[in-house]
Amino acid sequence: MHPWERDARLVKEALKKGPNEYGVLIEVACTRSSEELLGARKAYHSLFDHSIEEDVASHIHGIERKLLVALLSAYRYEGTKVKDDTAKSEAKTLSNAIKNAHKKPLNEDDEVIRILATRSKLHIQAVCKHYKEISGKNLDEDLDDLRFKEAVQCLCTPQIYFSKVLNAALKIDVDKNTKKSLTRVIVTRADIDMKDIKADYHNLYGVSLPQKVEEVARGSYKDFLLNLIVRGG
């Protein structure tokens, strides 16, 4: 399956399954390049005769709708230029928004959503750096809202995010949907950043990813996963 079609189908399946799978929407929106996300939106048009944004807006009625529509609508700048003063200012904006989240939830804060949904990944990484200088903690650590936390992790430290998803999927007695994320992550990242994911997985959990897959998976499925992991470097 072409990666654009695969991502379009992942989004459709996540919408059908409901809130527990909305992390997949964040994953597609925030770990793909601008062209890859645009391609997924085009594929979604062709496959389902709707836009991704239209279906997300009509299927999701909770407070996360505004964030998810904004992230999936993004076409981010992918150059190397970052205005450090702006990044520092926006780090202060996020810090103030988090401190006042009890008065105004982040899901209702247009400035927070604008920063996460429109800024380049390098810019957001600079924002995270300045945020840590201001608050002494990583931005994702201060976020209580799961979707905002996932968005920041996917935008700033995607390999660590994927390592955590894989670790959850490789635990014994996890539910079916969590197990599926093992296949999803390895298939979608095999030719992109699997080498970095393996390094971060080992650093986080003290065991290599191939070794963990060997312990948990069985038969031809295990061989399939290991071949993809090895192919990724």
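## Basis of the model

The model is predicted: local features need pLDDT of at least 70, side-chain atom pairs count only at pLDDT 80 or more, and totals for chains, interfaces and linings use all residues. Residues are numbered from 1 along each chain as its sequence is written, and side-chain values use heavy atoms, with hydrogens and water left out.

## The chain as a whole

The chain has 15 helices and zero strands. Both are DSSP runs, numbered from the N terminus: helices are H or I with at least four residues, strands are E with at least two. The radius of gyration is 18 Å, close to the 17 Å of the globule rule for 233 residues, so the chain is as compact as a globular protein of that length. This radius is taken over C-alpha atoms, and the globule rule is 2.2 Å times the number of residues to the power 0.38.

Along its principal axes, the C-alpha trace spans about 50 × 45 × 35 Å. Of the 233 residues, 48% count as buried. Buried means under 20% relative accessible area, exposed means over 50%, and partly exposed lies in between (1.4 Å probe, protein chains only). Contact means heavy atoms within 4.5 Å. Among contacts with a separation of 6 or more, 68% come from residues 24 or more positions apart.

## Helix 2 against helix 10

Helix 2 covers residues 22–31 and helix 10 covers residues 146–156. They pack at an angle of about 30°, with their axes 9 Å apart. That makes helix 2 roughly parallel to helix 10. Axes are lines fitted to C-alpha atoms, for helices over the stretch in contact, and angles run from 0 to 180 degrees between N-to-C directions. Angles under 35 degrees count as roughly parallel, over 145 as roughly antiparallel, 65 to 115 as roughly perpendicular and the rest as oblique.

The crossing of helix 2 with helix 10 is right-handed. A crossing is right-handed if the near helix is turned clockwise from the far one by less than a right angle, and left-handed if anticlockwise. Helix 2 brings Tyr22, Gly23, Ile26, Glu27, Cys30 and Thr31 to meet Arg147, Glu150, Ala151, Cys154 and Leu155 of helix 10. The residues of this contact divide into six nonpolar, two polar and three charged. Here Ala, Val, Leu, Ile, Met, Phe, Trp, Tyr, Cys and Pro count as nonpolar, Asp, Glu, Lys and Arg as charged, and the others, Gly among them, as polar.

## Helix 2 against helix 11

Helix 11 spans residues 158–169. Its axis and that of helix 2 come within 12 Å and cross at roughly 155°. The two helices are therefore roughly antiparallel. This crossing is left-handed. Gly23, Glu27 and Thr31 of helix 2 make the contact with Pro158, Tyr161 and Phe162 of helix 11. By class, there are three nonpolar, two polar and one charged residues.

Glu150 lies in helix 10. It is buried, with a relative accessible area of 12%. Leaving aside neighbours within four places in sequence, Glu150 contacts Gly23, Ile26 and Tyr161. Asp7 sits in helix 1 (residues 3–17). At 3% relative accessibility, Asp7 is buried. Not counting residues up to four places away in sequence, Asp7 touches Val28, Arg32 and Ala40.

Val82 is in the loop between helix 5 (65–72) and helix 6 (84–99). It is partly exposed, at 30% relative accessibility. Val82 and Leu122 are 40 residues apart in sequence and 6.9 Å apart in space, C-alpha to C-alpha. Beyond its neighbours within four places in sequence, Val82 is in contact with Leu122, His123 and Ala126.
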